[in-house]
Amino acid sequence: MKTILNVIWLVFSGFWLFLGYLFAGVLLCITIIGIPFGVAAFRIGVYALWPFGYTTVERRDAGAPSFLVNVLWLLLAGWWLALGHIVTGIALCVTIIGIPLGIANFKLIPVSLLPLGREIVRTDQAFTDTSRW
């Protein structure tokens, strides 16, 4: 079922989101200061390409620098991205077939708001791998 939803997602939303995040990541990586933001955009883009079967978990080893960069990201780009995911998620939820796609779009909101200090993992691995803690 995850594969079918991922293919439908890829056709209707995922490819375009991936291209947008990829373009933003390339632009952000032009400067040295923007490299952490660019890497975060690449990570979100890959997650947006194939979201079903994956989730995000908080990294416990991320410290104060991640928090500070997340605040900057939130102010400059995060709230715009989250607003875009909310609007497209609502639009996708208009049809019955689009409801899972809208929910996947809502799932992208936390990582688009605060991407640093988060890790994208498979859903079956999210709570079983305790070696990271």
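How are H2 and H3 oriented to each other? They are roughly perpendicular (65 to 115 degrees).

## Basis

This is a predicted model, in which local features need pLDDT of at least 70 and side-chain atom pairs pLDDT 80 or more, while totals for chains, interfaces and linings use all residues. Residues are numbered from 1 along each chain as its sequence is written, and side-chain values use heavy atoms, without hydrogens and water.

## Packing of H2 and H3

Helices H2 (residues 35–49) and H3 (residues 64–92) pack at about 75 degrees, with axes 11 Å apart. Helices are DSSP runs of H or I of at least four residues, and strands are E runs of at least two. Axes are lines fitted to C-alpha atoms over the stretch in contact, and angles run from 0 to 180 degrees between N-to-C directions.

Phe37, Ala40, Ala41 and Ile44 of H2 meet Val69, Leu72 and Trp73 of H3 (contact: heavy atoms within 4.5 Å). The residues of this contact are seven nonpolar, no polar and no charged; Ala, Val, Leu, Ile, Met, Phe, Trp, Tyr, Cys and Pro count as nonpolar, Asp, Glu, Lys and Arg as charged, and the others, Gly among them, as polar.

## Helix H1

A kink of about 65 degrees in H1 is centred on Leu10, taken as the angle between axes fitted to the seven residues ending there and the seven starting there. Buried residues (under 20% relative accessible area, 1.4 Å probe, protein chains only) of H1 include Trp9 and Tyr21. The buried residues of H1 pack against H2, H3, H4 (99–107) and H5 (109–113).

## Thr56

Thr56 lies in strand S1 (residues 54–58) and, at 18% relative accessibility, counts as buried.

Technical notes: Angles under 35 degrees count as roughly parallel, over 145 as roughly antiparallel, 65 to 115 as roughly perpendicular and the rest as oblique. Buried means under 20% relative accessible area, exposed over 50%, partly exposed in between (1.4 Å probe, protein chains only).
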